[in-house]
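Keep the model open as you read.

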Amino acid sequence: MSWGTELWDQFDNLEKHTQWGIDILEKYIKFVKERTEIELSYAKQLRNLSKKYQPKKNSKEEEEYKYTSCKAFISTLNEMNDYAGQHEVISENMASQIIVDLARYVQELKQERKSNFHDGRKAQQHIETCWKQLESSKRRFERDCKEADRAQQYFEKMDADINVTKADVEKARQQAQIRHQMAEDSKADYSSILQKFNHEQHEYYHTHIPNIFQKIQEMEERRIVRIGDSMKTYAEVDRQVIPIIGKCLDGIVKAAESIDQKNDSQLVIEAYKSGFEPPGDIEFEDYTQPMKRTVSDNSLSNSRGEGKPDLKFGGKSKGKLWPFIKKNKGATPEDFSNLPPEQRRKKLQQKVDELNKEIQKEMDQRDAITKMKDVYLKNPQMGDPASLDHKLAEVSQNIEKLRLETQKFEAWLAEVEGRLPARSEQTRRQSGLYDSQNPPTVNSCAQDRESPDGSYTEEQSQESEVKVLATDFDDEFDDEEPLPAIGTCKALYTFEGQNEGTISVVEGETLYVIEEDKGDGWTRIRRNEDEEGYVPTSYVEVYLDKNAKGAKTYI
C-alpha cells in the first residue's frame with residue numbers, strides 16, 4: 001500500500017489532505033493550550049477559596065480554630081491548596097511536554113511538506129517541458145513531411161510538362177530533394193525526442209512521483225503517530241498527579257476522622273467556665289410571724305440582721321455586684337478583674353506565658369551580644385567591644401522590667417488559684433451586698449452570683465464593715481452617654497427594685513429595653529430619661545427591634 005503507486009495521479013488532493021492534517025494538529029495544540037489555561041484558572045480559584053476561608057492571624061477567629069472540627073477544616077483548606085498545586089503541575093507539564101513540543105514539530109512538518117511538494121512540482125514541470133518538446137518536434141516533422149510531398153508533386157508536374165525548360169525541372173528536383181531531406185531530419189529528431197520523453201515519463205510515474213509521494217506518506221504517518229503520542233502524554237500528565245491528589249483527599253479524610261466531639265465539648269467548658277458555684281435553694285420566708293431570713297451561701301443577696309431591707313452596695317471596679325457588671329467598653333483592667341475567676345485565670349496564665357517568651361527572647365539577644373563582645377575582645381580589628389555596652393545594658397534593663405511584670409502577673413495568678421494568703425476583709429467585701437427578690441413563680445432568674453474576683457459576700461458582720469458608698473456604682477453609668485433603646489418589654493410580674501442598680505416595675509407596665517440579658521439573668525430597662533436599671537429577665541417579656549443596633553432576635 002503506497003501512495004506513489006495507488007495515488008500517482010492525485011497530487012492536488014494529497015496536497016489538500018496534508019494541509020488538513022497540519023490544521024488538525026494545530027487545532028489539537030489549541031485544545032491543549034485552552035486546557036492548560038482552564039487548569040491554571042481552576043488552581044487560582046481553589047487557592048483563592050482556600051485563602052478566603054483561612055482564619056485571620058491575631059484575630060478572635062484564629063482563637064476559635066482550637067476545636068478539632070475547625071482544625072480539620074483548616075487541614076481541608078491546606079489540602080485543597082496542595083490540590084490546586086497539582087492542577088498547576090498539570091498545566092505546566094502539558095505546556096512543556098505537549099504544546100511546546102508539538103508547536104516545534106508543526107514548524108518542521110510545514111517545512112518538510114513544502115520541500116516534498118516543491119520537488120513534486122519540479123518533476124511535474126520537467127515532464128511538462130519534455131511533453132512540449134515532443135509536441136513541437138512532432139509538429140515540425142509533420143510540417144516537413146507535407147512540404148516534402150508538395151515539393152515532390154511540383155517536381156513531377158514540372159518534369160511531365162514539355163513546355164518547362166530543363167533548368168526549371170532541375171531546380172524543382174533539387175527543391176524536392178531538400179524538402180525530403182528536411183523531412184528525414186525532422187523524423188529522426190522526432191524519434192529521438194519521443195524516446196527521451198517516454199523515458200522521462202517512465203521515470204516520472206515509476207520513480208520520481210512514487211518516491212516523492214512515499215516521502216509525503218511517511219511524513220503524514222509520522223504526524224498521525226505524533227498526535228497519538230501527544231494524546232497518550234495528555235493522559236499520562238493527568239495520571240501522574242492522581243497519587244498526589246489521592247494523598248490530598250486522604251489527608252481530608254484523615255482530618256475528618258480526627259474530629260473529636262468530646263474534646264471539643266471539653267474545650268467549650270474551658271473557654272466559658274466561670275468558676276462560680278451554682279446558687280443554693282431559696283428558703284421559704286414566712287411573713288405571718290417575725291423571723292430571721294435565712295439565705296443560702298451562694299445567694300445573690302445577704303441579710304445583714306433583722307429589719308434591714310435596704311442595704312448598700314460595694315463600689316467600683318472588680319468589687320461591684322456580679323449581676324450588675326456593666327459590659328466593659330473601655331480598656332480592660334490590667335489584672336483582668338472584670339472576668340469570672342476561671343476566665344481570669346486563663347488570661348493571666350496566657351499573659352505570664354507571653355512574658356516568659358519575651359524574657360527568653362531578650363536573654364537570647366543578650367547572649368548573642370555577649371558572644372559578639374567576646375569576639376571583639378579577642379579580635380579588636382572586627383569591632384569595638386565598648387560599642388556593645390550600651391546595647392547590653394538596654395537589653396538587661398528590658399529583662400529586668402519583664403521579670404518584674406511577670407512577677408506581678410504571677411502574683412495575681414497565684415491569688416486566683418488560691419496559692420496566696422486570703423485577701424483582707426476590706427478587699428473581700430468590695431464585691432458588695434444586695435437582697436434577692438422573691439418572684440411570684442419558681443421561674444425566677446434572680447439567681448445567686450459570686451463577685452468577679454472570686455470572693456463571696458456571705459459573711460455576717462457589722463453593717464459598717466460592708467457598706468460602701470452607693471454612688472460608686474452609679475458613677476459607672478453617669479460617665480457614659482445614655483444607651484439607645486433596642487426594643488420594649490412588658491412586665492409579667494411586679495418587681496420591687498430595692499437594691500442599687502435595679503428598678504421597680506409593676507405588672508403589665510411597658511418599658512424600653514436598652515441592654516439585653518448577657519447570660520447573667522438580668523435585663524437593663526428604662527422608664528424615662530432619669531429612671532433606668534436592671535430587672536430579672538424572667539419578670540419581663542422582651543420585644544426587640546430588628547433594626548435597632550445590637551438587636552439579635554425576638555424573645
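Start with a charge over a ring: R226 sits over the face of Y105, 4.4 Å from the ring centre. Bear in mind as you look around that this is a predicted model.

Now for ring against ring. Two aromatic rings are described by how far apart their centres are and by the angle of their planes. Searching the whole structure turns up 13 aromatic pairs. One of them is Y493 with Y539, an edge-to-face pair with 5.7 Å from centre to centre and 80° between the planes. This pair links distant parts of the chain, 46 residues apart. Y493 is in the loop between β1 (487-491) and β2 (510-515), while Y539 is in the loop between β4 (532-536) and β5 (540-544).

Are these two tyrosines buried or exposed? Y493 has a relative accessible area of 24%, so it counts as partly exposed, because buried means under 20%. Y539 is at 1% relative accessibility and therefore buried.

Next, find F495 and W522. They also make an edge-to-face aromatic pair, with 6.4 Å between centres and 70° between planes. F495 belongs to the loop between β1 and β2, and W522 to strand β3 (residues 522-526), so their contact ties together parts 27 residues apart in sequence. F495 and W522 are both buried.

How values were computed. Residues are numbered from 1 along each chain as its sequence is written. This is a predicted model: local features need pLDDT of at least 70, side-chain atom pairs count only at pLDDT 80 or more; totals for chains, interfaces and linings use all residues. Side-chain values use heavy atoms; hydrogens and water are left out. Rings of Phe, Tyr and Trp (its six-membered ring) pair if their centres lie within 6.5 Å; planes under 30 degrees apart count as stacked, over 60 as edge-to-face and the rest as tilted. Helices (H or I, at least four residues) and strands (E, at least two) are DSSP runs, numbered from the N terminus. Buried means under 20% relative accessible area, exposed over 50%, partly exposed in between (1.4 Å probe, protein chains only). A charge sits over a ring if NZ of Lys or CZ of Arg is within 6 Å of the ring centre and within 35 degrees of the ring normal.
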